[in-house]
Amino acid sequence: MAVRLRLALGATLATAFVGLFIQRRRRRRAEAVRFNFGEASSRDGLAHGALRPGKQANALEAPGAVNDAEVREWVAFVRARGVRRVLSLLGDDEIAWYASDLDAAMRRDFSRYDRTSVFAPGARDVALAAFDAAREAGEPIVMHCSGGQG
């Protein structure tokens, strides 16, 4: 009887553990979808893509529309996934959508932050240098543009 009870209890605990694991995975997946966050390739764990900071909560594109709390939420999300570098492809006109200085916030919260408009001359060189530096340092990097659709 004691052996059966122990086996039943063990099976119940194992089922509960698996259920919690699955719930946690679903929650993390839902968060990743909310931020449109993911690895650029399954063969390379360093390069990631995501929505621009704040867009997960606010898609407004007007001067000062994205508040600091929305940016902090994005920062916390990507940092929790091990990202330490950011390559932003936002232009100066898009940076104006932020209530505070986005460049200063990114420089404060990440080990390296590079920004160039995707349409700027030399944007390709800035992007390649950022990815090369991330690979050299072994630090994950996230790249985002305004749309976050890749």
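User: What covers the buried residues of α5?

Analyst: The cover includes β2 (44–50), β3 (85–88), β4 (112–115) and β5 (141–144). This is a predicted model, where local features need pLDDT of at least 70, side-chain atom pairs count only at pLDDT 80 or more, and totals for chains, interfaces and linings use all residues. Residues are numbered from 1 along each chain as its sequence is written, and side-chain values use heavy atoms, leaving out hydrogens and water.

User: What makes residues 123–137 count as helix α5, and why does the span agree?

Analyst: Helices are DSSP runs of H or I with at least four residues, strands are runs of E with at least two, and both are numbered from the N terminus. α5 has 15 residues. The expected span is 1.5 Å times one less than the number of residues, so α5 should span 21 Å, and its end C-alpha atoms are 21 Å apart, which agrees.

User: Which residues of α5 are buried?

Analyst: Buried means under 20% relative accessible area, exposed over 50%, and partly exposed in between (1.4 Å probe, protein chains only). A123, A127, A130, A133 and A134 are buried.

User: Why are they said to lie on the same side of α5?

Analyst: The arc is taken from the directions from the helix axis to the C-beta atoms. Theirs covers only 130°, which puts them on the same side of α5. The face turned away carries the exposed residues R124, D125 and E136.

User: Which residues touch F110?

Analyst: Contact means heavy atoms within 4.5 Å. Not counting residues up to four places away in sequence, F110 touches W74, V75, V78, R79, V83, R84, R85 and V86.
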